[in-house]
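Student: I am new to this structure and would like to be guided through it. May we proceed by question and answer?

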Amino acid sequence: MYYKVEQVLEKQQAVTENFYKGRGILICETDCGLFALKEFHGQNPKAEYLFQLGSYLTEHHILCDSMVKNKEDQLITEGVDGIKYTFHHWMKGRECDAKSRMDLVMTVSFLAGFHRACEMEKFRDEVSAIGILQESRAPEELIRGTEQESRAPEELIRGTEQESRVPEGSIRGTEQESQNPKALGVDAEVIQMIQKKSGKELSDEKLLPPYPEPRTENESNSRMKNVPETAYEEYLRRDRELRRIKKYIASRKNKSDFELLYLQCFPEYIRQSEEVLKLLSRHQEIFDSHTMGVCHGDFNQHNVLIQSGGMALIHMEHAHYGAQVADLGNFLRKSLEKHAWSETLGLEMLREYDRVHRLNKSDWLELYCRMSYPEKFWKIANRYYQSNKVLDSGLNYEKLKKELRQNEVRRKFLEVLGRARVDV
């Protein structure tokens with residue numbers, strides 16, 4: 001193993017003096033400083049995109065694990081075993097402490113700075129020019145009506161362009177202040193629809209109208225494989241997966257504790273999934289105006305290093321061009337899960353992000369949808385479905401019980417988020 005790796009290191013421009021394991025990487029001490037060797041899954045165009053992204057971020061004073069070329073002026077080095085590797089600048093630092101309020105606020109501020117630097121037409125054109133990723137838009141069958149009809153109605157987008165700035169302090173920093181009955185930027189009917197609890201299970205035949213017709217195979221293949229799904233496509237796919245898992249469990253004779261609990265709580269979670277899909281389907285046209293740019297693709301506490309002089313972004317292998325609020329929603333959800341969905345912390349993080357990188361009306365609506373979707377429930381169900389059912393250790397059961405306890409506080413946070421005043 002190490003002999004094969006040493007052969008790869010010998011092909012790099014920097015001379016490695018010592019190396020040791022890190023989280024999924026090999027950290028190398030060289031005559032030119034600290035570097036990291038990573039296994040690479042992809043082709044040359046993807047490596048070229050990541051190389052350009054790293055160079056771009058470095059030019060804009062955002063520290064990252066940018067890629068470097070080997071002695072042959074290539075980005076990918078193939079080992080004797082056929083495994084592909086890439087070589088990256090590395091730096092010392094500690095990961096973001098997900099239990100530290102200060103760390104989380106600093107990290108979300110850093111994320112906002114990264115998004116702000118990458119929200120520009122010039123960089124998007126560079127990305128498109130090398131044929132890796134293009135703007136992620138819903139296919140035509142998801143966006144009904146003419147171009148004129150796709151404009152957001154007046155009741156959804158209030159105010160002028162001048163009003164589309166969130167005043168400081170508009171997102172309240174305490175639980176008491178956050179009770180202002182101001183809408184998220186959508187009409188009260190929509191908020192009430194999302195927050196209403198029907199408690200009724202819909203059968204598989206009663207899917208949310210109007211669902212778009214499934215794409216044909218040719219239509220699916222016509223889109224680039226690297227173009228990320230829209231939020232609607234992603235959650236529609238997951239909704240179907242949850243139903244498939246429920247159907248599978250219902251067909252089993254000897255059900256485990258997890259399977260019995262899944263069937264018991266399925267109606268509540270599938271209702272939450274349907275509410276999000278209903279909101280996205282009803283207002284699909286306004287998502288053309290959300291903030292687009294480069295997204296990290298897997299932004300979490302493990303992919304940020306905190307140093308004495310600042311912060312660094314690492315592991316950008318999933319970077320793509322899309323709706324940047326997806327990064328924010330992912331990080332916010334993972335952070336709040338560890339803090340019992342604290343309203344104060346959540347709004348503090350949102351206020352800090354918005355201070356650095358303004359969120360428009362569509363950003364807020366999509367963020368609300370992403371936070372409303374039962375992500376944890378879907379992850380637990382998917383993990384169960386992909387695992388060996390015979391060797392069930394009971395871990396999925398414990399995780400699902402914990403999620404059930406957090407579900408109520410998550411819904412309360414969503415109510416606060418819906419009332420937080422956002423004058424956009």
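**Charges, helices and buried residues**

Tutor: Let us begin with a pair of charged residues: E352 forms a salt bridge with R355, and their closest N and O atoms are 2.6 Å apart. A salt bridge here is a side-chain nitrogen of Lys or Arg within 4 Å of a carboxyl oxygen of Asp or Glu. This is a predicted model, in which local features need pLDDT of at least 70 and side-chain atom pairs count only at pLDDT 80 or more, while totals for chains, interfaces and linings use all residues. Residues are numbered from 1 along each chain as its sequence is written, and side-chain values use heavy atoms, with hydrogens and water left out.

Student: In which helix do E352 and R355 both lie?

Tutor: Helices (H or I, at least four residues) and strands (E, at least two) are DSSP runs, numbered from the N terminus. E352 and R355 are three residues apart, about one turn of the helix. The helix that holds both, residues 343-356, is α10.

Student: Is E352 buried or exposed?

Tutor: Buried means under 20% relative accessible area, exposed over 50%, and partly exposed in between (1.4 Å probe, protein chains only). The relative accessible area of E352 is 16%, so this residue is classed as buried.

Student: What is the N to O distance in the salt bridge of R271 and E275?

Tutor: R271 and E275 both lie in helix α8, four residues apart, about one turn of the helix. R271 counts as buried because its relative accessibility is 3%, and E275 counts as buried at 10%. Their side chains meet in a salt bridge with an N to O distance of 2.4 Å.

Student: Which residue forms a salt bridge with R94?

Tutor: R94 is partly exposed, with a relative accessible area of 41%. The closest N and O atoms of the pair are 2.6 Å apart, and the partner is D103.

Student: How many salt bridges are found in the whole structure?

Tutor: Salt bridges can also be linked in a network, as they are for E234, R238, E366, R370 and E375. A search of the whole structure gives a total of 21.

Student: Which residues touch R333, not counting residues up to four places away in sequence?

Tutor: R333 is found in helix α9, residues 325-337, and is buried because its relative accessibility is 5%. Contact means heavy atoms within 4.5 Å. With that limit, the residues touching R333 are W341, M371, E375 and K379.

Student: Is K379 buried or partly exposed?

Tutor: K379 has its place in helix α12. With a relative accessible area of 32%, K379 is therefore partly exposed.

Student: Which residues beyond its neighbours within four places in sequence are in contact with Q272?

Tutor: Q272 lies in helix α8, residues 257-282. This residue is buried, with a relative accessible area of 0%. Its contacts are S372, P374, N407, R410 and R411.

Student: What is the separation between the C-alpha atoms of G54 and D65?

Tutor: G54 lies in helix α2, residues 44-59, and is buried, with a relative accessible area of 0%. Not counting residues up to four places away in sequence, G54 touches C64 and S66. G54 and D65 are eleven residues apart along the chain, and their C-alpha atoms are separated by 7.1 Å.

Student: What share of the 424 residues in the protein is buried?

Tutor: The protein has 13 helices and twelve strands. Of its 424 residues, the buried share is 50%.
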